[in-house]
Amino acid sequence: MSIFVTRSSMPSYEDYIKEIKPIFENHHLTNMGPVYKKLQHSLIDYLGVRYFSMFVNGHLALETVIQAMGLKEKGGEVITTPFTFVSTVHAITRNGLKPVFCDIRPDDYTIDPEKIEALITEKTVAIVPVHVYGAICDVEKIEEIAKKHGLKVIYDAAHAFGVKYKGNGIGNYGDASMFSFHATKVFNTIEGGAVSFSDESLRESMHNLKNFGIKSEDCVDEIGGNAKMDEFRAAMGICNLRNIDECIASRGRAAARYDERLGGVKGIKLMKAQKDVTPNYAYYAVCFDPDEFGKSRDDVYEELKKADIFARKYFYPAINEMDCYKNDNPEETPVAAEISRRILTLPLYSDLTTEDVDKICDVILK
Ligand SMILES: *Cc1c(COP(=O)(O)O)cnc(C)c1O
(Lines give C-alpha, C1' and ligand atoms only; values in the text may rest on other atoms or scores of the structure.)
Protein backbone atom coordinates (compact mmCIF):
# COMPACT_ATOMS: atom_id res chain seq x y z
CA MET A 1 0.00 0.00 0.00
CA SER A 2 1.25 3.50 -0.83
CA ILE A 3 2.38 5.76 1.99
CA PHE A 4 1.74 9.44 1.35
CA VAL A 5 3.38 12.36 3.10
CA THR A 6 0.20 13.05 5.01
CA ARG A 7 -3.20 11.56 5.72
CA SER A 8 -6.01 13.76 6.96
CA SER A 9 -7.32 13.16 10.46
CA MET A 10 -11.04 12.40 10.45
CA PRO A 11 -13.60 11.70 13.16
CA SER A 12 -15.88 8.67 12.96
CA TYR A 13 -18.76 8.98 10.53
CA GLU A 14 -21.25 8.78 13.42
CA ASP A 15 -19.53 11.60 15.28
CA TYR A 16 -19.74 13.91 12.31
CA ILE A 17 -23.36 13.05 11.52
CA LYS A 18 -24.35 13.83 15.09
CA GLU A 19 -22.64 17.19 14.87
CA ILE A 20 -24.28 18.26 11.60
CA LYS A 21 -27.77 17.02 12.43
CA PRO A 22 -28.89 20.32 13.98
CA ILE A 23 -27.92 22.13 10.78
CA PHE A 24 -30.60 20.12 8.92
CA GLU A 25 -33.12 21.38 11.43
CA ASN A 26 -32.17 25.07 11.60
CA HIS A 27 -31.08 25.60 7.95
CA HIS A 28 -28.32 27.89 9.17
CA LEU A 29 -25.54 26.89 6.76
CA THR A 30 -23.03 29.71 7.03
CA ASN A 31 -22.50 33.35 8.16
CA MET A 32 -21.10 32.67 11.62
CA GLY A 33 -23.89 30.41 12.90
CA PRO A 34 -24.13 28.40 16.12
CA VAL A 35 -21.64 25.70 15.07
CA TYR A 36 -19.10 28.36 14.07
CA LYS A 37 -19.52 30.01 17.46
CA LYS A 38 -19.18 26.74 19.31
CA LEU A 39 -15.94 25.91 17.50
CA GLN A 40 -14.65 29.43 18.01
CA HIS A 41 -15.11 29.19 21.78
CA SER A 42 -13.49 25.76 21.92
CA LEU A 43 -10.48 26.94 19.91
CA ILE A 44 -9.99 30.10 21.97
CA ASP A 45 -9.90 27.81 24.96
CA TYR A 46 -7.62 25.19 23.41
CA LEU A 47 -5.13 27.63 21.91
CA GLY A 48 -5.25 29.91 24.93
CA VAL A 49 -5.66 33.03 22.80
CA ARG A 50 -7.61 36.25 23.24
CA TYR A 51 -9.24 37.49 20.03
CA PHE A 52 -9.91 34.96 17.33
CA SER A 53 -11.60 35.05 13.94
CA MET A 54 -12.18 32.00 11.73
CA PHE A 55 -11.97 31.84 7.95
CA VAL A 56 -12.64 29.57 5.00
CA ASN A 57 -8.90 28.95 4.76
CA GLY A 58 -5.61 30.06 6.25
CA HIS A 59 -4.50 32.01 3.22
CA LEU A 60 -7.46 34.39 3.24
CA ALA A 61 -7.13 34.69 7.01
CA LEU A 62 -3.59 36.01 6.53
CA GLU A 63 -4.53 38.26 3.63
CA THR A 64 -7.40 39.68 5.64
CA VAL A 65 -5.46 40.46 8.80
CA ILE A 66 -2.83 42.28 6.76
CA GLN A 67 -5.65 44.32 5.23
CA ALA A 68 -7.35 44.92 8.59
CA MET A 69 -4.14 46.39 10.02
CA GLY A 70 -4.21 49.02 7.31
CA LEU A 71 -0.82 47.98 5.96
CA LYS A 72 -2.20 48.03 2.44
CA GLU A 73 -2.93 51.72 2.76
CA LYS A 74 0.58 52.38 4.02
CA GLY A 75 2.12 50.59 1.04
CA GLY A 76 5.76 49.71 1.45
CA GLU A 77 7.79 46.67 2.37
CA VAL A 78 7.28 43.60 4.50
CA ILE A 79 10.20 41.49 5.69
CA THR A 80 9.53 37.77 5.41
CA THR A 81 11.22 34.44 4.76
CA PRO A 82 11.81 32.71 1.42
CA PHE A 83 11.64 29.33 3.19
CA THR A 84 7.88 28.93 3.48
CA PHE A 85 4.79 27.83 1.61
CA VAL A 86 4.07 30.27 -1.20
CA SER A 87 0.84 31.42 0.48
CA THR A 88 2.76 33.57 3.00
CA VAL A 89 4.34 35.72 0.31
CA HIS A 90 1.26 35.82 -1.92
CA ALA A 91 -0.73 37.22 1.02
CA ILE A 92 1.76 40.08 1.32
CA THR A 93 1.95 40.76 -2.41
CA ARG A 94 -1.80 40.56 -3.01
CA ASN A 95 -2.13 43.34 -0.43
CA GLY A 96 -0.04 45.59 -2.66
CA LEU A 97 3.02 45.26 -0.41
CA LYS A 98 6.54 44.28 -1.42
CA PRO A 99 8.07 41.19 0.18
CA VAL A 100 11.70 41.59 1.25
CA PHE A 101 13.37 38.25 1.84
CA CYS A 102 15.42 37.65 4.95
CA ASP A 103 17.55 34.52 5.28
CA ILE A 104 16.85 31.71 7.76
CA ARG A 105 18.77 30.04 10.57
CA PRO A 106 20.43 26.78 9.53
CA ASP A 107 19.34 24.94 12.70
CA ASP A 108 15.55 25.46 12.85
CA TYR A 109 14.89 27.05 9.42
CA THR A 110 13.02 30.04 10.88
CA ILE A 111 13.80 33.66 9.96
CA ASP A 112 17.23 34.73 11.23
CA PRO A 113 16.65 37.66 13.60
CA GLU A 114 20.29 38.70 13.28
CA LYS A 115 19.64 39.51 9.63
CA ILE A 116 16.36 41.40 9.94
CA GLU A 117 17.58 44.84 10.94
CA ALA A 118 19.87 45.24 7.93
CA LEU A 119 16.77 44.93 5.70
CA ILE A 120 14.67 47.58 7.46
CA THR A 121 14.20 50.77 5.46
CA GLU A 122 11.91 53.77 5.92
CA LYS A 123 9.38 51.87 3.79
CA THR A 124 9.21 48.79 6.05
CA VAL A 125 5.81 48.36 7.71
CA ALA A 126 5.82 44.80 9.07
CA ILE A 127 7.60 41.49 9.62
CA VAL A 128 5.87 38.25 8.64
CA PRO A 129 7.87 35.35 10.11
CA VAL A 130 6.84 31.68 9.81
CA HIS A 131 6.91 28.99 12.51
CA VAL A 132 8.34 26.46 10.07
CA TYR A 133 7.29 22.80 10.59
CA GLY A 134 5.93 23.90 13.98
CA ALA A 135 9.40 25.05 15.11
CA ILE A 136 8.90 28.49 16.59
CA CYS A 137 10.72 31.64 15.58
CA ASP A 138 12.81 33.61 18.05
CA VAL A 139 9.69 35.45 19.20
CA GLU A 140 11.49 37.50 21.85
CA LYS A 141 14.18 38.85 19.57
CA ILE A 142 11.64 39.60 16.84
CA GLU A 143 9.46 41.52 19.29
CA GLU A 144 12.45 43.57 20.38
CA ILE A 145 13.30 44.52 16.78
CA ALA A 146 9.65 45.31 15.92
CA LYS A 147 9.25 47.54 18.98
CA LYS A 148 12.45 49.42 18.24
CA HIS A 149 11.40 50.18 14.65
CA GLY A 150 7.64 50.49 15.13
CA LEU A 151 6.77 47.49 12.95
CA LYS A 152 3.81 45.11 13.07
CA VAL A 153 4.56 41.40 13.48
CA ILE A 154 2.19 38.90 11.89
CA TYR A 155 3.17 35.25 12.33
CA ASP A 156 2.33 32.60 9.80
CA ALA A 157 1.53 29.93 12.38
CA ALA A 158 -0.06 27.59 9.81
CA HIS A 159 2.20 24.78 11.08
CA ALA A 160 2.03 25.64 14.75
CA PHE A 161 -1.44 24.61 15.92
CA GLY A 162 -1.31 23.80 19.62
CA VAL A 163 2.37 24.70 20.03
CA LYS A 164 3.23 26.44 23.30
CA TYR A 165 6.23 28.50 24.33
CA LYS A 166 6.94 28.62 28.07
CA GLY A 167 3.42 27.29 28.56
CA ASN A 168 1.87 30.14 26.58
CA GLY A 169 -0.13 29.49 23.38
CA ILE A 170 2.00 30.45 20.38
CA GLY A 171 -0.88 32.58 19.00
CA ASN A 172 -0.19 35.16 21.71
CA TYR A 173 3.05 36.40 20.19
CA GLY A 174 3.28 39.31 17.78
CA ASP A 175 0.30 41.42 16.75
CA ALA A 176 -1.40 38.47 15.06
CA SER A 177 -0.93 34.81 14.13
CA MET A 178 -2.55 32.88 11.31
CA PHE A 179 -3.43 29.21 11.75
CA SER A 180 -4.36 26.91 8.87
CA PHE A 181 -6.96 24.18 9.28
CA HIS A 182 -6.37 22.68 5.85
CA ALA A 183 -6.92 18.93 5.46
CA THR A 184 -3.16 18.30 5.56
CA LYS A 185 -2.52 20.16 8.80
CA VAL A 186 -2.31 18.87 12.39
CA PHE A 187 -5.88 20.07 13.01
CA ASN A 188 -8.32 20.36 10.12
CA THR A 189 -11.76 21.70 9.30
CA ILE A 190 -11.41 20.24 5.75
CA GLU A 191 -10.44 23.71 4.52
CA GLY A 192 -10.22 26.45 7.10
CA GLY A 193 -8.09 28.86 9.01
CA ALA A 194 -8.10 31.53 11.67
CA VAL A 195 -6.28 34.53 13.04
CA SER A 196 -5.56 35.26 16.68
CA PHE A 197 -4.74 38.88 17.44
CA SER A 198 -3.98 41.10 20.39
CA ASP A 199 -5.67 44.39 19.47
CA GLU A 200 -9.36 44.43 20.29
CA SER A 201 -9.95 47.23 17.81
CA LEU A 202 -9.32 44.77 14.96
CA ARG A 203 -12.26 42.64 16.00
CA GLU A 204 -14.99 44.33 14.03
CA SER A 205 -12.85 44.76 10.95
CA MET A 206 -11.82 41.10 10.93
CA HIS A 207 -15.46 40.10 11.25
CA ASN A 208 -16.68 42.42 8.51
CA LEU A 209 -13.83 42.00 6.02
CA LYS A 210 -14.53 38.30 5.58
CA ASN A 211 -18.13 39.18 4.71
CA PHE A 212 -17.66 41.80 1.97
CA GLY A 213 -16.97 44.57 4.49
CA ILE A 214 -20.63 44.68 5.43
CA LYS A 215 -20.93 46.55 8.71
CA SER A 216 -24.70 46.60 8.99
CA GLU A 217 -27.71 46.20 6.75
CA ASP A 218 -27.30 49.69 5.32
CA CYS A 219 -23.60 50.25 5.70
CA VAL A 220 -20.56 48.88 3.89
CA ASP A 221 -17.52 50.85 5.00
CA GLU A 222 -14.63 48.57 3.97
CA ILE A 223 -13.72 46.71 0.78
CA GLY A 224 -13.89 43.14 2.00
CA GLY A 225 -13.95 39.76 0.33
CA ASN A 226 -15.83 36.58 1.11
CA ALA A 227 -13.89 34.24 3.37
CA LYS A 228 -16.36 32.91 5.92
CA MET A 229 -16.10 29.45 7.44
CA ASP A 230 -19.37 27.54 6.97
CA GLU A 231 -21.20 25.39 9.50
CA PHE A 232 -20.25 22.01 8.01
CA ARG A 233 -16.55 22.78 8.23
CA ALA A 234 -16.96 24.11 11.74
CA ALA A 235 -18.67 20.81 12.64
CA MET A 236 -15.67 18.88 11.28
CA GLY A 237 -13.48 21.06 13.47
CA ILE A 238 -15.52 20.34 16.60
CA CYS A 239 -15.17 16.59 15.96
CA ASN A 240 -11.45 16.72 15.17
CA LEU A 241 -10.73 18.90 18.18
CA ARG A 242 -12.06 16.14 20.46
CA ASN A 243 -9.26 13.86 19.28
CA ILE A 244 -6.50 16.42 18.92
CA ASP A 245 -4.41 15.49 21.97
CA GLU A 246 -4.35 11.83 21.00
CA CYS A 247 -3.58 12.80 17.44
CA ILE A 248 -0.57 14.93 18.46
CA ALA A 249 0.64 12.22 20.85
CA SER A 250 0.63 9.57 18.14
CA ARG A 251 2.45 11.92 15.75
CA GLY A 252 4.98 12.30 18.55
CA ARG A 253 5.43 8.52 18.78
CA ALA A 254 6.07 8.25 15.03
CA ALA A 255 8.54 11.15 15.22
CA ALA A 256 10.35 9.47 18.11
CA ARG A 257 10.71 6.30 16.04
CA TYR A 258 12.19 8.32 13.15
CA ASP A 259 14.61 9.93 15.63
CA GLU A 260 15.66 6.49 16.85
CA ARG A 261 16.29 5.16 13.36
CA LEU A 262 17.82 8.23 11.70
CA GLY A 263 19.55 9.97 14.60
CA GLY A 264 23.35 9.91 14.42
CA VAL A 265 23.47 8.79 10.78
CA LYS A 266 26.28 10.61 8.98
CA GLY A 267 25.01 13.21 6.51
CA ILE A 268 21.48 13.31 7.96
CA LYS A 269 20.43 16.31 10.03
CA LEU A 270 17.21 16.12 12.04
CA MET A 271 15.20 18.90 13.67
CA LYS A 272 16.18 19.43 17.30
CA ALA A 273 13.70 19.85 20.12
CA GLN A 274 13.46 23.54 21.04
CA LYS A 275 13.94 24.76 24.59
CA ASP A 276 10.72 25.63 26.50
CA VAL A 277 8.54 24.58 23.54
CA THR A 278 5.62 22.14 23.66
CA PRO A 279 5.76 20.72 20.11
CA ASN A 280 2.96 19.51 17.82
CA TYR A 281 5.00 17.21 15.52
CA ALA A 282 3.49 18.85 12.46
CA TYR A 283 6.20 17.70 10.05
CA TYR A 284 9.23 15.45 10.07
CA ALA A 285 11.89 17.25 8.04
CA VAL A 286 15.23 15.66 7.23
CA CYS A 287 18.19 17.52 5.76
CA PHE A 288 20.62 15.50 3.63
CA ASP A 289 24.22 16.51 3.10
CA PRO A 290 25.00 14.79 -0.22
CA ASP A 291 28.77 14.73 0.38
CA GLU A 292 28.52 13.03 3.73
CA PHE A 293 25.43 10.90 3.12
CA GLY A 294 26.56 9.79 -0.32
CA LYS A 295 23.14 10.49 -1.85
CA SER A 296 21.30 13.73 -2.54
CA ARG A 297 17.85 14.70 -1.30
CA ASP A 298 16.52 14.09 -4.81
CA ASP A 299 18.07 10.59 -4.89
CA VAL A 300 16.35 9.72 -1.61
CA TYR A 301 13.06 11.17 -2.85
CA GLU A 302 13.23 8.98 -5.98
CA GLU A 303 14.19 5.83 -4.07
CA LEU A 304 11.27 6.30 -1.70
CA LYS A 305 8.96 6.81 -4.65
CA LYS A 306 10.06 3.50 -6.15
CA ALA A 307 9.04 1.88 -2.87
CA ASP A 308 5.60 3.55 -3.13
CA ILE A 309 6.46 6.09 -0.42
CA PHE A 310 5.74 9.71 -1.22
CA ALA A 311 7.84 12.21 0.70
CA ARG A 312 7.69 15.89 -0.19
CA LYS A 313 10.32 18.45 -1.20
CA TYR A 314 8.84 20.98 1.15
CA PHE A 315 9.82 23.82 0.79
CA TYR A 316 11.35 23.70 -2.64
CA PRO A 317 12.08 25.87 -4.51
CA ALA A 318 12.68 28.77 -2.13
CA ILE A 319 10.07 31.47 -2.81
CA ASN A 320 12.60 33.91 -4.29
CA GLU A 321 13.49 31.24 -6.86
CA MET A 322 9.89 30.83 -8.04
CA ASP A 323 8.97 32.27 -11.41
CA CYS A 324 6.69 34.92 -9.96
CA TYR A 325 9.26 36.21 -7.43
CA LYS A 326 12.45 35.45 -9.31
CA ASN A 327 13.85 38.96 -9.48
CA ASP A 328 13.91 39.22 -5.74
CA ASN A 329 17.52 38.19 -5.12
CA PRO A 330 17.86 34.51 -4.15
CA GLU A 331 21.63 35.01 -3.81
CA GLU A 332 20.95 37.16 -0.75
CA THR A 333 19.43 34.22 1.12
CA PRO A 334 22.06 31.48 0.69
CA VAL A 335 20.98 29.40 3.70
CA ALA A 336 17.39 29.16 2.45
CA ALA A 337 18.63 28.32 -1.06
CA GLU A 338 20.78 25.49 0.24
CA ILE A 339 18.28 24.06 2.74
CA SER A 340 15.53 24.03 0.10
CA ARG A 341 17.76 21.77 -2.02
CA ARG A 342 18.57 19.42 0.87
CA ILE A 343 15.33 19.13 2.79
CA LEU A 344 12.77 16.35 2.57
CA THR A 345 9.66 16.02 4.71
CA LEU A 346 8.88 12.40 5.45
CA PRO A 347 5.39 10.95 5.92
CA LEU A 348 3.94 11.90 9.30
CA TYR A 349 0.33 11.59 10.42
CA SER A 350 -1.51 10.27 13.41
CA ASP A 351 -2.18 6.75 12.13
CA LEU A 352 1.29 6.21 10.67
CA THR A 353 2.48 2.98 12.31
CA THR A 354 5.91 2.05 13.66
CA GLU A 355 6.09 -0.54 10.85
CA ASP A 356 5.48 2.22 8.28
CA VAL A 357 8.23 4.36 9.81
CA ASP A 358 10.60 1.39 9.81
CA LYS A 359 9.80 0.65 6.18
CA ILE A 360 10.56 4.29 5.25
CA CYS A 361 13.80 4.34 7.26
CA ASP A 362 14.91 1.02 5.73
CA VAL A 363 14.69 2.55 2.25
CA ILE A 364 16.58 5.69 3.34
CA LEU A 365 19.33 3.76 5.11
CA LYS A 366 19.75 1.16 2.35
C1 LIG B 1 -0.97 25.62 4.65
C2 LIG B 1 -0.18 26.87 4.74
C3 LIG B 1 -0.73 28.12 4.44
C4 LIG B 1 -2.08 28.31 3.82
O5 LIG B 1 -3.12 27.78 4.55
P6 LIG B 1 -4.45 27.27 3.80
O7 LIG B 1 -5.36 26.94 4.92
O8 LIG B 1 -4.07 26.08 2.98
O9 LIG B 1 -4.96 28.39 2.96
C10 LIG B 1 0.05 29.25 4.65
N11 LIG B 1 1.31 29.16 5.09
C12 LIG B 1 1.88 27.97 5.39
C13 LIG B 1 3.28 27.95 5.92
C14 LIG B 1 1.16 26.79 5.19
O15 LIG B 1 1.75 25.62 5.42
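F212 sits in the loop that runs between α7 (203-209) and β10 (214-216). In this predicted model, F212 has a relative accessibility of 43% and therefore counts as partly exposed. F212 belongs to a nonpolar surface patch, which it forms with I214 and V220. Together the three residues F212, I214 and V220 have about 270 Å² of accessible area.

Helix α3 presents another picture. This helix spans residues 58-68 and is mostly covered, with 9 of its 11 residues buried. The buried residues of α3 are G58, A61, L62, E63, T64, V65, I66, Q67 and A68. In an α-helix there are 3.6 residues a turn, so residues three or four places apart point the same way. The N-terminal end of α3 is capped by N57, which places a side-chain oxygen 3.2 Å from the backbone nitrogen of H59. Past the other end, just after α3, G70 adopts a positive phi of about 75°.

Along with α5 (86-93) and β8 (176-180), α3 supplies at least two residues of the shell around the ligand. That shell holds 16 residues, and the closest are G58, D156, H159, S180 and K185. G58, buried in α3, has a polar backbone atom 2.8 Å from an oxygen atom of the ligand. The side chain of D156 puts a polar atom 2.7 Å from a nitrogen atom of the ligand. H159 also contributes through its side chain, where an N or O atom is 2.8 Å from an oxygen atom of the ligand. On its own the ligand has 380 Å² of accessible area, and the protein covers 93% of this.

Elsewhere, D103 occupies the loop between β3 (98-101) and β4 (124-128). Its relative accessibility is 3%, so D103 counts as buried. The side chain of D103 makes polar contacts with two backbone nitrogens. One belongs to V335, whose backbone nitrogen lies 2.8 Å from a polar atom of the D103 side chain. The other is the backbone nitrogen of A336, which the side chain of D103 reaches at 2.9 Å.

The C-alpha atom of D103 is separated by 10.0 Å from that of E331, although the two residues are 228 apart along the chain. E331 is in the loop between α11 (297-306) and α12 (334-342). With a relative accessible area of 59%, E331 is exposed, whereas D103 is buried.

The cysteines remain. How many disulfides does the model contain? With a cut-off of 2.5 Å between cysteine sulfur atoms, the count comes to 0 disulfides. C324 is in no disulfide either, as the nearest cysteine sulfur, that of C102, is 20 Å away. Is C324 buried or exposed? Its relative accessible area is 53%, so C324 is exposed.

Definitions and conventions
Residues numbered from 1 in each chain as written. Predicted model: local features only at pLDDT ≥ 70, side-chain atom pairs only at ≥ 80, totals over all residues. Heavy atoms only, no water. Patch = residues over 30% accessible without salt bridge, like charges linked within 9 Å, V, L, I, M, F, W, Y side chains within 5 Å. Areas by Shrake-Rupley, 256 points an atom, 1.4 Å probe, with all protein chains shown as cover. Salt bridge = Lys/Arg side-chain N within 4 Å of Asp/Glu carboxyl O. Helix = DSSP H or I, 4+ residues; strand = E, 2+ residues; numbered from the N terminus. Buried < 20%, exposed > 50% of the residue type's maximum accessible area, 1.4 Å probe, protein only. Polar contact = N/O pair within 3.5 Å; in protein donor to acceptor, adjacent residues only side chain to side chain. Near = heavy atom within 4 Å.
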